Amino acid sequence: MKGGLHLEVALSGGVVRSAQLRSRRPVSLCRAMVGRPAADVPAAVERLYALCGRSHRIAARFALDAARGRTMTEAARREAVRDLATERVGEHLRSTFTTAAGLGFATTPVEKDALRAALIATRPGAKGAGLASALAVLGLDGAPPAPASWTMRMLDAVGPEADGAGPVDGLSPADDPAVLAGLAGSGLAYAALPHLPLRRPETGPLARSFGTAAPRDRLAARFAEILQAATLLHNDAEEAPKSWIARGTLLDGSGFAAVESPRGRLYHVTAVDTQGRVARFVVLAPTEWNFHPDGPLVHALPGLRLGTGTAAEERIRWLVGLFDPCVAYTLDLTEGADA
Amino acid sequence: MCLAIPALVTEKLPDDMARVSLEGVSKIISLALVDDVAVGDYVILHVGYALTRLDAAEAERTLALLDEAIAAHDGVPV
C-alpha cells in the first residue's frame, strides 16, 4: 500500500540544521465506513486499523452509541479500559523491541521468550495471563531495573538521563473541545493536519506524563505506562482515569469519542442516518499530531548535536521510534561541511 | 493510521524469519514476535514484523476491506 512518512534531516558539524517531514498517510481510509450498518463498524475499524485495533473499535463503538443517543454503562467502560490497557502494554513492548532491533540492540533468547510471552498475554481475549512474570524477566516489575536488565540496557542505549530538554506541550483531555470543533468544522482536512492556536502539541506516553523532551525520558515514560497498565489490569481497571474515554455529541448531533490509545489520544466523529447506516466517519489518529509537517518531531530536531554518520542516523531513528509512528517511514540524512 | 496488512507465509527461514507474499511481492520478514506460524498461514505485517496470525477467511475479509478503503481514499484527496 502506498503511503507513509519521509523525513529529511540536514546535518552540519554534527548538529541538525534543518528537518522536513512529508506525509502521504492515507487519512481518508475511514470513508470506507460510510454507508455501512453502524453495528458492523466497530469490528471493521478494528480490522482496518490493525495496529491499534482495539482502541479504534472502542472509539467507534462509543462514538456510534453517542450518535444514536445511547449511554455508556459502567461495565462497558471498565471492559473498554481493560482492552485499552492490554493493547497499551503490547504495543509499547512491540514498538520498543522493533525500533531497538532495527538499531542493532541485542535482546537475549530468554528476553525474546519473555517478550513473546508478554505479547501473547496481551492479545485480544488473553486477559493478561502470565504478563507479570514475563515483564519481570525484562526488568519491568516495579522495582528499579537492574543494570543488566533489558529495560535498563535499553534506557542506556537511548541516551543520558538529563540533557537540558524542556517540558513537552502535551495534548490533553482539556483540548478535546477545540479538537472536536476542528473536526466538526473541517472533517478530514482537520484530521489530516490538526492544529491548535500557537501550539505544536504531541500526544502519547510523554505527553500523558508531562515529562521533559529528553529521549531517555520518552522511553522511561513508555516503560512507566507499561507498568501502570499492567497494574491496572491486575486491579481490574478500578483505577483508570476517567479521561481514558470521553464521548458525547456535537452541536450537529454527531457522536464523538476520544480514547487514550497506545500512541496517544485518538478521536472518532460519526453520524448515523435514520436507517442505522453511517453517514459520516472521521478518524484523527495520534500520528497526525506527532508527525505533523510543522509538529513536535520536526521542531525537536534542529539544534540537536548528534555527531556524524551512523551515530547521527541511529540517534535520529531512536527519536523517531520514540515518537512512535504507526506507519512506515524513510529517512534521508545529508551531511554538509563542518560549521 | 495504525495500518497493518495481511501477508501469506510462503516459506519459513532460519532465525525466526520467513518469506511472505504481500500484494504479489515476495518479502523477507521476522516471526520473532509470533508463535506457531506455518507455511500457508496469513500474518498481519507491520514494518517487517509479523504481529499476529490470521486464518485465511479473516485475511480475505481484511484484504477486501483494505481494497474498499483504498478505493474510498483514492476518491478523496486530502
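Mentor: Buried area is the accessible area (1.4 Å probe) that two parts lose on being put together, summed over both. For chain B and chain A, that area is about 3100 Å². Carbon and sulfur atoms give 70% of it.

Trainee: What kind of model is this, and how are its parts numbered?

Mentor: It is a predicted model: local features need pLDDT of at least 70, side-chain atom pairs count only at pLDDT 80 or more, and totals for chains, interfaces and linings use all residues. Residues are numbered from 1 along each chain as its sequence is written, chains are lettered from A and ligands numbered from 1 in the order written, and side-chain values use heavy atoms, without hydrogens and water.

Trainee: How many residues of chain B are in contact with chain A?

Mentor: Contact means heavy atoms within 4.5 Å. By that rule, 29 residues of chain B touch 37 residues of chain A. Four salt bridges are found across this interface.

Trainee: Why is the meeting of B:Asp16 and A:Arg116 called a salt bridge?

Mentor: The rule asks for a side-chain nitrogen of Lys or Arg within 4 Å of a carboxyl oxygen of Asp or Glu. Here the side chains are Asp and Arg, at 3.6 Å, N to O.

Trainee: What makes S2(A) and S1(A) a pair?

Mentor: Two strands pair if DSSP finds at least two bridges between them. Eight bridges join S1 (residues 5-12) of chain A to S2(A). So they pair, and they run antiparallel. One of the bridges links A:Leu11 with A:Val16 in S2(A).

Trainee: Why is one side of S2(A) left without a neighbour in the sheet?

Mentor: The open sheet has the order S2-S1-S7 in chain A, with mixed pairing. Strands S2 (15-23) and S7 (329-336) of chain A stand at the edges, each with a single partner strand, so one side of each has no neighbour in the sheet.

Trainee: Where does chain A divide into domains?

Mentor: The bounds come from an automatic or database domain assignment. Domain 1 of chain A is 1-24 + 305-339, and domain 2 is 26-290. Their contact takes twelve residues from domain 1 and 17 residues from domain 2. About 1600 Å² is buried between these two domains.

Technical notes: Helices (H or I, at least four residues) and strands (E, at least two) are DSSP runs, numbered from the N terminus.
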